[in-house]
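Student: I've got a model open and I'd like to learn how to read it feature by feature. Can you walk me through it?

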Amino acid sequence: MTSLSVEMLAADAEPITSAGNAQLGTAVVLGIAVIVVLIAKFKLHAFLALTIGALVLGAVAGAPLDKAITSFTTGLGSTVASTGVLIALGSILGKLLADSGGADRIVDTIIDKASPKKMPWAMVLIAAVIGLPIFFEVGIVLLIPVVLMVAKRGNYSLMRIGIPALAGLSVMHGLVPPHPGPLVAVDALHANLGITLALGIVVAIPSVIVAGPLFARYAARWVDVKAPEAMTPKRASDDLEKTPGFFATVATLLLPVVLMLLKAIVDIIIDDPADLTQRVFDVIGNPMFALLVACLLGLFTLGRAAGFTRDRLSETVEKSLMPIAGVLLIVAAGGGFKQVLVDAGVGQMILDISKDWSVPALLLAWLIAVIIRLATGSATVATVSAAGLASGLADGMSTTHVALMVLAIGAGSLFFSHVNDAGFWLVKGYFGLDVGQTVKTWSFMETILSVMGLVMVLLLSLVL
């Protein structure tokens, strides 16, 4: 049975509990509280915390334990089926980009073309292109040598260069597929991926401008530090005799985005499922197909262009898949947790409670993600949990507004990264900051991204 069939059955099935709204509300609060305490207090892996939290939610809601387990495993399986392959393909493409020196080539080319005044804007562009196919933590590791090198070469404040780069990475992580969080939200809300991707770019551009180059001016005044000498890692291209060309590298990275956007455009222009053109673009614009083509192309434009042998290419692909096990499990468990929420009737409960409120659904979805983000520290956990809670709010919405809800949740998941977020400590350690300095720069930047993302979503909802 396909994941779509499973979701359709789940949607048509009776709730696994007959609990009232008060009991369901208590179950949700306790389920999320368990996840928060296990992650924040006991440092338990998010996969285990989400699994336990889902079972606690089901038990408190009065659901038979066997039905809660079935609901959780159904959601886990459908989430892996819809997003697992995409995460794996994205990881392969990112590893090829890093190991081949393609990332270094993009960086060097843009830096050579940028004037000192344009350097913060160049850092946003570098981070956005490099961050497209790779996870945030990997992107930080790739960009650190660039940020430190540029800061030293131009005698810039580290924040003047670092904040735009971090903003570019973070906005891609929170708002733009094929990153795990947005993919899960797209799946949970049954949003159109191409439209979400297109609107995500529209929301991301002004958000990253304000949180990146513009905010960096103030961050550099608040925290005027130089690049730490000891934190400059070795670049991949230092060990290579040749690296891929700039245009070939950029074309490879942008190929899946272009294919998915073309599919979205064709779907709008030709609204006929039987039309041959639409069927062709439905295939080539499918995210799995688009990423697969980009990966296969990358073996030649990135790997072979760097002089990799067949054995080296095989090794690179193998190494790219090992680090994503944890991410896949977290995303899968988040899907399971979401399914327990849905099957217990929490979506309907939120609709019943919020129908008399004057809070717009998009703002409510953002607030839910913000609360979970502040509590757990994980943008991915915040996204998958909020998507499950807000799934009922999307019922009856237009295709465009469902996509905007995905983006509202993604924006909320970025809000005020602090001491319970691994990204907070990565930035602090690499940039040689203390906790207060990290809050004044990184945490504020994330908050600006989140609020700007919400503002853009609400503005778009008025005109689309």
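This is a predicted model: local features need pLDDT of at least 70, side-chain atom pairs count only at pLDDT 80 or more; totals for chains, interfaces and linings use all residues.

Student: What does the side chain of Ser100 reach at 2.7 Å?

Tutor: That would be the backbone oxygen of Leu96. A polar atom of the Ser100 side chain also lies 3.2 Å from the backbone nitrogen of Gly102. Looking beyond residues up to four places away in sequence, Ser100 touches Leu240, Lys242, Thr243, Pro244, Leu302, Gly303, Ala306 and Phe308.

Student: Now a charged one. Where is Arg373 placed, and what is its relative accessible area?

Tutor: Arg373 is in helix H17 (residues 361–376). Its relative accessible area is 2%, and therefore it is buried. A polar atom of its side chain lies 3.2 Å from the backbone oxygen of Phe415. Leaving aside neighbours within four places in sequence, the contacts of Arg373 include Asp421 and Glu446, along with Gly412, Ser413 and Leu414.

Student: Which residue has a phi near 55 degrees?

Tutor: His190, and again that is a positive value in a residue other than glycine. His190 is placed in the loop between helix H9 (180–189) and H10. Its relative accessible area is 58%, so it is exposed.

Student: You mentioned H10. How do I read the packing of two helices?

Tutor: Take the angle and the distance between the axes, then the handedness, then the residues that touch. Helix H10 (residues 193–222) and helix H21 (residues 435–463) pack at an angle of about 150 degrees, and their axes are 8 Å apart. The crossing of H10 past H21 is right-handed. On the H10 side the contact includes Leu199, Val202, Phe215 and Trp222, while H21 brings residues including Phe444, Met445, Met456 and Leu460.

Student: How many residues of that contact are nonpolar, polar and charged?

Tutor: The contact of H10 with H21 divides into 18 nonpolar, three polar and one charged.

Student: And how do I read a nonpolar core?

Tutor: The general idea is that in soluble globular proteins nonpolar side chains tend to be buried together. Here the largest nonpolar core has 144 residues, and Met159 and Phe431 have the most contacts inside it. H10 gives the largest share of this core, 12 residues.

Student: Which residues does Phe431 contact, leaving aside its neighbours within four places in sequence?

Tutor: Phe431 is in contact with Ile144, Val147, Leu158, Met159, Gly162, Leu166 and Pro228.

Student: Last topic: how do I compare separation along the chain with separation in space?

Tutor: Set the number of residues between two positions beside the C-alpha distance. Leu48 and Leu38 are 10 residues apart along the chain, and their C-alpha atoms are separated by 8.7 Å. Leu48 lies in helix H3, and at 41% relative accessibility it counts as partly exposed. For Gly25 and Ala333, 308 residues apart along the chain, the C-alpha separation is 21 Å. Gly25 is found in helix H2.

Student: How far apart in space are Phe42 and Met456?

Tutor: They are 37 Å apart, C-alpha to C-alpha, with 414 residues as their separation in sequence. Phe42 lies in the loop between helix H2 (21–40) and helix H3 (46–60), and at 56% relative accessibility it counts as exposed.

Methods: Residues are numbered from 1 along each chain as its sequence is written. Side-chain values use heavy atoms; hydrogens and water are left out. Axes are lines fitted to C-alpha atoms, for helices over the stretch in contact, and angles run from 0 to 180 degrees between N-to-C directions. Helices (H or I, at least four residues) and strands (E, at least two) are DSSP runs, numbered from the N terminus. A crossing is left-handed if the near helix is turned anticlockwise from the far one by less than a right angle, and right-handed if clockwise. Contact means heavy atoms within 4.5 Å. Ala, Val, Leu, Ile, Met, Phe, Trp, Tyr, Cys and Pro count as nonpolar, Asp, Glu, Lys and Arg as charged, and the others, Gly among them, as polar. A nonpolar core is a set of buried Ala, Val, Leu, Ile, Met, Phe, Trp, Tyr and Cys residues joined through side-chain atoms within 4.5 Å. Buried means under 20% relative accessible area, exposed over 50%, partly exposed in between (1.4 Å probe, protein chains only). A polar contact is a pair of N or O atoms within 3.5 Å; within protein, one must be able to donate a hydrogen and the other to accept it, and residues adjacent in sequence count only if both atoms are side-chain atoms.
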